[in-house]
Amino acid sequence: LNVSLQHFDAQYIAKRQKVGCVLGEEMLCSEFAKHLRAIVKGIDNCLVKLSKCCNPVPGDEIIGYITRGRGVTVHTKDCVNVKDLFKEEERIIDVYWAQESTNKSYNVEMTVYANDREGLLGDIMRTAQQDNSKIVGVQAKSNKEKIVMVELTLEVKDIEAVNKIQRELGKIDSVYDVKRKK
């Protein structure tokens, strides 16, 4: 992850945001770099966190948002929350994925909409597990009109895997729409 600042220098951010140690899913930029094979340019020892609202994965277009006291949060550019973040434009920073590959996995949420039929859920599950992707959560429901909504949480390596799975899910008989939660 490369971070370049539009309106701030590293000292300004460190002083204003009280950037420091982290727990849980948040980590120091240098630690983040080790896990993502990322480079954070211009800032040392800042917190970097991937947002849970849009779950960005390598290959997504992303932006960074300087939070109050919690470092930088990374969002996809088409995240539903980004328009609200731009109300404080001075806190938006450019963020880029490193070009190197990594063994890290990322969770992505998708919803499959289909007309109910026998074997549909099995077909969806088999398709979702392709290319070393892993299903970490699933919820399926059907209404009285026999419309099925299957919410999947998948563990994937990058945006190419996400796009391929989304395309393949859309090819399943009876499926009429597949959407990624952003």
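A: Let's start with C54, which counts as buried because its relative accessibility is 0%. Keep in mind that the model is a predicted one. The cysteine sulfur closest to C54's own belongs to C79, and the gap is 3.7 Å, so that's too far for a bond. C79 is tucked away too: its relative accessible area is 5%, so it's buried. For the sulfur of C79, the closest cysteine sulfur is the one in C53, 3.4 Å off, and that is again too far for a bond. A disulfide would need the two sulfurs within 2.5 Å. Searching the whole structure turns up zero disulfides.

So what is C54 part of? It belongs to a nonpolar core of seven residues, which also includes I63, V82 and L85. This core lies apart from the largest one, which has 32 residues. In the largest core, the residues with the most contacts inside it are M110, V112, I124, L152, L154, V156 and L169. Take I124 from that list: skipping its neighbours within four places in sequence, I124 is in contact with V112, V150, L152, L169 and I172.

N55 is in the loop between β3 and β4. N55 has a positive phi of about 45°, even though it isn't a glycine. With a relative accessible area of 18%, N55 is buried, because the cut-off is under 20%. Another residue with a positive phi is K146, where the angle is near 65° and the residue is again not a glycine. You'll find K146 in the loop between β8 (134-142) and β9. K146 is exposed, at a relative accessible area of 52%.

The loop between β3 (47-50) and β4 (62-66) also holds D60. The side chain of D60 meets that of R180 in a salt bridge, 2.7 Å from N to O. R180 sits in strand β10 (residues 175-180), 120 residues from D60, so this pair links distant parts of the chain. Both ends are buried: R180 has 12% relative accessibility, and D60 has 8%. As a general point, side chains of opposite charge can pair when their charged atoms come close.

The count of salt bridges comes to 10, and here are some others. R91 and E88 meet at 3.1 Å, N to O. R91 is buried at 7% relative accessible area, while E88 is partly exposed at 25%. K179 and D177 pair up at 3.6 Å, N to O. There, K179 is partly exposed at 45%, and D177 is partly exposed at 26%. Then there's a network: R117, D123, R126 and D173 are joined through salt bridges that share partners.

One last stop is strand β9 (residues 147-156), which is where T153 lies. T153 and V108 are 45 residues apart in sequence, yet their C-alpha atoms are 5.6 Å apart in space. Leaving out residues up to four places away in sequence, T153 touches N107, V108, E109, K134, I135, V136 and G137.

Key. Residues numbered from 1 in each chain as written. Predicted model: local features only at pLDDT ≥ 70, side-chain atom pairs only at ≥ 80, totals over all residues. Heavy atoms only, no water. Core = buried A, V, L, I, M, F, W, Y, C linked by side-chain atoms within 4.5 Å. Buried < 20%, exposed > 50% of the residue type's maximum accessible area, 1.4 Å probe, protein only. Contact = heavy atoms within 4.5 Å. Helix = DSSP H or I, 4+ residues; strand = E, 2+ residues; numbered from the N terminus. Salt bridge = Lys/Arg side-chain N within 4 Å of Asp/Glu carboxyl O.
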